[in-house]
Structure formats: structure tokens, C-alpha cells
Amino acid sequence: MDVRHATHPDEIAKMTDEELRARFVISDLFEAGRLTVVYSHEDRMVLGGVQPVPGTTLTLENYPELRAEFFCQRRELAVTALSGSGTVTVDGTEYELAYMGALYIGRGAREITFAAATADTRFFLSSAVSETAHPTTLVPAADALTTQTGEQEHANRRTVRKHIHEDGVSSSQLVLGITAPETGNVWNSMPPHTHDRRTEVYVYFDLAENERVFHFMGLPGHTRHLVLKDGDVVISPAWSMHFGVGTTNYSFLWVMAGENQSFADMDQIAVPQI
Ligand SMILES: O=C(O)C(=O)C[C@H](O)C(=O)CO
């Protein structure tokens, strides 16, 4: 299991571009026939990619770094379909997971397997430490809490879908959703914000091969940028701004863990302060 250590904000000004990517970007999470996970010390999130080959299954293993009897012994897990569709089986119960849907799996689940219905199926895994066993619950895309935000004149009109959140599916720490700028809109999370109480992870997807997202991180007045492609994951420590602009529109999954689960708990940063 690849382990990413936590970062002090002073460190990023001195990092080379390669060091910045090695610390914050996960670029190789999706590979046909593989389940790959990364452990981040930022709020102890585990992030993973699963790309089963149709007709086969992949199983979530226990990893020695967790010092647990099984993966979800002390953890909750969200599985989200970024493309395609398939089946997630949790202790013998099958859940059909389709594009942009999420499955919340509570602490205590022992056997978790993945199967794809189509060759393009990619499931993203996000996990946080959990003190309580919340019920395993499927949230199809149509059941997510959906709102529109942004303005065309700022090229940031976008649909925000919340799958796991304070007023919906209950969890210990995870808050998760998917945001998609509309056609002709390219900015996300504008104006930017921080939330020193939660780490946030973005996964960019629905991005054609020759398109890119320029993702910004850092403290106000000290931004760095990362050029990301389809399927790339970026970890934002709690102190970091996290916003991006695409060469076209795209979708991104966002998932948070930390001190609270309040989506509205954000410290807004005015554009001139960036
Ligand atoms: O485009 C947006 O705005 C978002 O989707 C914001 C993210 O959900 C976020 O950063 C929440 O803290």
C-alpha cells in the first residue's frame, strides 16, 4: 500500500513540481483487473481504484498497515461508480452500482467484492476511520441531493450532487458528492474556500484524453498548480484551497473526512486574495 504522509503548509513553497505531485496526486489508481489503494495520513483517509474485468471479481483485502483483522474493522467505506456499472457484494448482499451512484458501507463489513457489468467500469473507494456502525446504503445518482450553483458570466455554472452528507445517508466522517460544470463552464469551487477541519480529496473524471484540469492548491497568496488528467486524484490537506479550471467541462468526485461533516463549514476566500 502506497503511504502518503501529512504536509505542513510551509513545505509546499520549496517543493519541486515532481515532489508536489508525489505528495498530493495519485495518477495510477485505475488499471484493468486491479484494485489499488493509497493510505493518506491526512485524516487517515484510504483512497482506492477498482477496475474489474467483466466476468471476474476483485476483493478488498486487509492491509498490514491497518493492523486490523479486516479492512472495515474500524473503517467506513464509500464506493462510487465513475464510469460503467457493476455489482458490489457486501457480506453476501449484492448492490447494483451504476454511473455516478455511491454505496456507503458501514464499519464491520467483512467481505467486499467488486464485479463489472461493462469493460469501462471504474469504482472509486474512499474510506475513513469510523467509531460507529452506520447502515450500508445505496445512493443511486437520482437519489443524490442535487443543487445548481455558479454563474455563466464566471464560467462556473455547475451541478452539485451530495450522496453522503449530514442530512442524508449517515456516516461517521465521510461526506461525499459529485460536481459537474455545465457545457461551456470550466471553473469548480469558485470562489475558493478552505475548511481547516476537514481534508478533501477530488477525483477528476468524464475528461477526454486530450483535455486537462489545472487544479490549484495552497494558502491564499501562495498557490501552486497541478495539471491533472482523467482519473487523477488530488489530496487537499485541511489548510489548502482546492479549486480548478478545465480546458473543457468535466465531472469531479469530492470526499471529505475530519472534525465535522458540515458542508457549509467553509472559510471563503475572495478572488483578489487568491
Ligand atoms: O464546485 C464546488 O463548489 C464544489 O463541488 C465544492 C466541493 O464540494 C468542496 O470543495 C466542498 O468543500
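This is a predicted model: local features need pLDDT of at least 70, side-chain atom pairs count only at pLDDT 80 or more; totals for chains, interfaces and linings use all residues.
Residues are numbered from 1 along each chain as its sequence is written, and side-chain values use heavy atoms, with hydrogens and water left out.

The space taken by the ligand is the largest pocket. Pockets and cavities are found on a 1 Å grid over the protein atoms alone: a cavity is a set of points where a 1.4 Å probe fits but cannot get out, and a pocket is an open set with protein on both sides within 12 Å along at least five of seven lines, lining residues being those with an atom within 4 Å of a point. A molecule sits in a cavity or pocket if more than half of its atoms lie within 2 Å of its grid points. Helices (H or I, at least four residues) and strands (E, at least two) are DSSP runs, numbered from the N terminus.

For Arg-158, a polar side-chain atom lies 2.6 Å from an oxygen atom of the ligand. An N or O atom in the side chain of His-193 is 2.9 Å from a ligand oxygen atom, and a polar side-chain atom of His-195 lies 2.9 Å from an oxygen atom of the ligand. On its own the ligand has 330 Å² of accessible area, and the protein covers 96% of this. Accessible areas come from the Shrake-Rupley method with a 1.4 Å probe; for residues, only the protein chains shown count as cover.

Ser-251 is found in strand E23. Its relative accessibility is 4%, so Ser-251 counts as buried; buried means under 20% relative accessible area, exposed over 50%, and partly exposed in between (1.4 Å probe, protein chains only). The side chains of Ser-251 and Asp-206 are joined by a polar contact of 2.7 Å. A polar contact is a pair of N or O atoms within 3.5 Å; within protein, one must be able to donate a hydrogen and the other to accept it, and residues adjacent in sequence count only if both atoms are side-chain atoms. Thr-87, placed in strand E7 (residues 85-90), is buried because its relative accessible area is 16%. A polar contact of 3.2 Å links the side chain of Thr-87 to that of Glu-96.

Backbone features occur in two loops. Met-190 and Pro-191 are joined by a cis peptide bond with omega of about -10°, and Pro-191 is found in the loop between strand E16 (187-188) and strand E17 (193-194). The loop between strand E3 (34-40) and strand E4 (46-51) contains Asp-43, and Arg-44 is also found between E3 and E4. Asp-43, not a glycine, has a positive phi of about 55°; with 30% relative accessibility, Asp-43 counts as partly exposed. Arg-44 has a positive phi near 50°, likewise in a residue other than glycine, and is partly exposed at a relative accessible area of 41%.

Leu-20, in helix H2 (residues 17-24), is buried at 0% relative accessibility. Leu-20 and Leu-226 are 206 residues apart along the chain, and their C-alpha atoms are separated by 8.2 Å. Val-79 lies in strand E6 (residues 75-83) and is buried, with a relative accessible area of 0%. Between Val-79 and Gly-246, 167 residues apart along the chain, the C-alpha separation is 25 Å. Val-3, in strand E1 (residues 2-4), is partly exposed, with a relative accessible area of 30%.
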